[in-house]
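Morning, everyone. Have the sequence and the structure up on your screens, and follow along with me.

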Amino acid sequence: MNAMTDTRGLVPAGRQPADKISLRDVVVEFASRDMRVRAVDGIDIEVPSQSFTALVGPSGCGKSTVLNMVAGLLKPTEGVVTYDGKPVNGPNVRVGYMTQKDTLLPWRTVEDNVGIAFELACRRLPKAEQVDRVREIIELVGLKGFERHYPSELSGGMRKRAAFARMLIYEPETLLLDEPFGALDAQLRLIMQQELLRLVERRRMTVILVTHDLEEAIAMADRVLVFTSRPGRIRATRTIPFERPRDPVNLRFRPEFGKLYEDLWNELKDEVALGTETGLGK
Ligand SMILES: Nc1ncnc2c1ncn2[C@@H]1O[C@H](COP(=O)(O)OP(=O)(O)OP(=O)(O)O)[C@@H](O)[C@H]1O
């Protein structure tokens with residue numbers, strides 16, 4: 001915990017910076033063949049600077065749609081999305097976005113994929129430092145030894161980690177993470193959660209994490225928002241009272257963790273059942 005932050009890693013009241021991200025009365029409709037699909041319906045979300053928000057909800061309820069709007073890849077049909085108090089009107093270069101599908105370039109090795117930020121001149125560093133930085137990040141995500149491998153030579157989980165490394169090299173102030181650890185085995189997932197939290201706490205990043213894993217949401221976030229089934233609305237908001245910095249693995253052994261899980265599951269389970277009944281579940 002630093003001098004500016006409280007036990008949740010947030011700046012205390014009175015010194016709280018304005019919301020980093022805000023969605024107000026947001027509706028998104030897609031025209032799909034001859035029908036209109038309402039993906040989200042009247043969403044209000046305020047994300048304070050340096051906070052960690054997790055979004056959970058049934059499949060198809062609009063979680064990725066929310067991230068797409070914050071990244072500036074999609075405009076709301078109604079309502080306003082702001083970043084640092086200004087409407088998001090185009091690609092938001094202040095955020096690092098890890099989508100569900102990794103978008104590694106197949107003709108480039110891991111190190112060339114990770115180092116692309118320097119070629120695009122998004123980050124300027126002397127060549128030797130660039131090489132060190134790429135190596136450091138590749139090691140951080142556990143891909144040391146695979147620098148010269150192509151994406152087709154990696155497992156699904158390894159590709160996710162390479163995509164994660166490529167996002168981190170930009171040193172974004174905000175992370176939008178859509179199921180970032182979905183393809184990882186259970187142990188590696190825990191290790192990546194620890195690494196991510198360490199990084200986020202050290203660099204005081206703002207994070208929105210979309211996850212289907214309630215344990216992951218509780219272990220990582222300051223706040224969990226439960227979406228209804230489509231069209232997505234916010235059904236419940238829960239503050240996660242655990243201290244920062246925190247160890248997302250050891251937390252799971254605390255009795256409060258189980259209570260939070262039960263509470264959130266009670267909110268989520270009806271929505272998942274609803275989604276399944278209407279053919280919206282996975
Ligand atoms: N480009 C698009 N065109 C038409 N419909 C879309 C488009 N993008 C999303 N949708 C629809 O909007 C709804 C919300 O999709 P979204 O991907 O945001 O859900 P999600 O909660 O992230 O789902 P999951 O958990 O399965 O990833 C879905 O019904 C989806 O089919």
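I'll go from the overall makeup to the strands, then the core, then the ligand.

One caution to start. This is a predicted model. Keep that in mind throughout.

Now the overall makeup. The protein has eight helices and ten strands. Of its 282 residues, 40% are buried. Take the contacts between residues at least 6 apart in sequence. Of those, 70% join residues at least 24 apart.

On to the strands. Look at the open sheet with antiparallel pairing. Its four strands come in the order S2-S1-S4-S5. S2 and S5, the latter at residues 86-87, are the edge strands; each has a single partner strand, so one side of each has no neighbour in the sheet. Follow S4, residues 78-83, into S5. Two bridges hold that antiparallel pair. Find Tyr83 there: Lys86 in S5 stands opposite.

Next, the parallel pairings. Start at S6, residues 95-98. S6 runs parallel to S7, with four bridges between them. Gly96 sits opposite Leu175 of S7. S7 in turn runs parallel to S8, over five bridges. Here Leu175 has Val207 in S8 as its bridge partner. Now pick up S3. S3 pairs with S8, residues 206-210, in the parallel sense, and four bridges link them. Val207 turns up again, as the S8 bridge partner of Phe52. S3 also runs parallel to S9, residues 223-227, again with four bridges. There, Leu55 is partnered by Leu225 in S9.

How buried is S3? Five of its five residues, 52-56, are buried, so the rest of the structure largely encloses this strand. Both faces are covered. Phe52, Ala54 and Val56 lie on one side, with Thr53 and Leu55 on the other.

S7 next. Five of the five residues in S7, 174-178, are buried, so this strand too is largely enclosed by the rest of the structure. Thr174, Leu176 and Asp178 point one way. Leu175 and Leu177 point the other way. Note Asp178 and Thr174 in that buried set.

For contrast, go to Lys101. Lys101 is in the loop between S6 and helix H2, residues 110-114. Buried or exposed? Lys101 counts as exposed, because it has 11 C-beta neighbours inside 10 Å, and the cut-off for exposed is 12 or fewer.

Now the core. In soluble globular proteins, nonpolar side chains tend to be buried together. Here, the largest nonpolar core has 71 residues. Which residues make the most contacts inside it? Val70, Ala165, Leu176, Ala221 and Val224. Which helix gives this core its largest share? That is H5, residues 156-168, with seven residues.

Zoom in on Ala165. Leave out residues up to four places away in sequence. Ala165 then touches Val114, Ile137, Ile138, Val141 and Leu143.

Last stop, the ligand. Around the ligand there are 13 residues. Phe30, Ala39, Ser59, Ser64 and Thr65 come nearest. By type, the shell divides into four nonpolar, seven polar and two charged residues. Where do they come from? S1 (19-32), S2 (35-48) and H1 (63-70) each supply at least two. H1 gives the largest share, three residues.

So let's look at H1. Seven of its eight residues are buried, which leaves the helix mostly covered. Those buried are Lys63, Thr65, Val66, Leu67, Asn68, Met69 and Val70. Two of those names have come up before. Thr65 is among the residues nearest the ligand. Val70 is among those with the most contacts inside the core. After H1 comes Gly72, with a positive phi near 80°.

To recap. S3 and S7 are each largely enclosed. H1 supplies the largest share of the ligand shell. H5 supplies the largest share of the core. That's my tour; over to you.

Conventions: Residues numbered from 1 in each chain as written. Core = buried A, V, L, I, M, F, W, Y, C linked by C-beta atoms within 7 Å. Buried ≥ 20, exposed ≤ 12 C-beta atoms within 10 Å, placed from the backbone. Contact = placed C-beta atoms within 7 Å. Near = placed C-beta within 6 Å. Nonpolar A, V, L, I, M, F, W, Y, C, P; charged D, E, K, R; others polar. Pairing = 2+ DSSP bridges.
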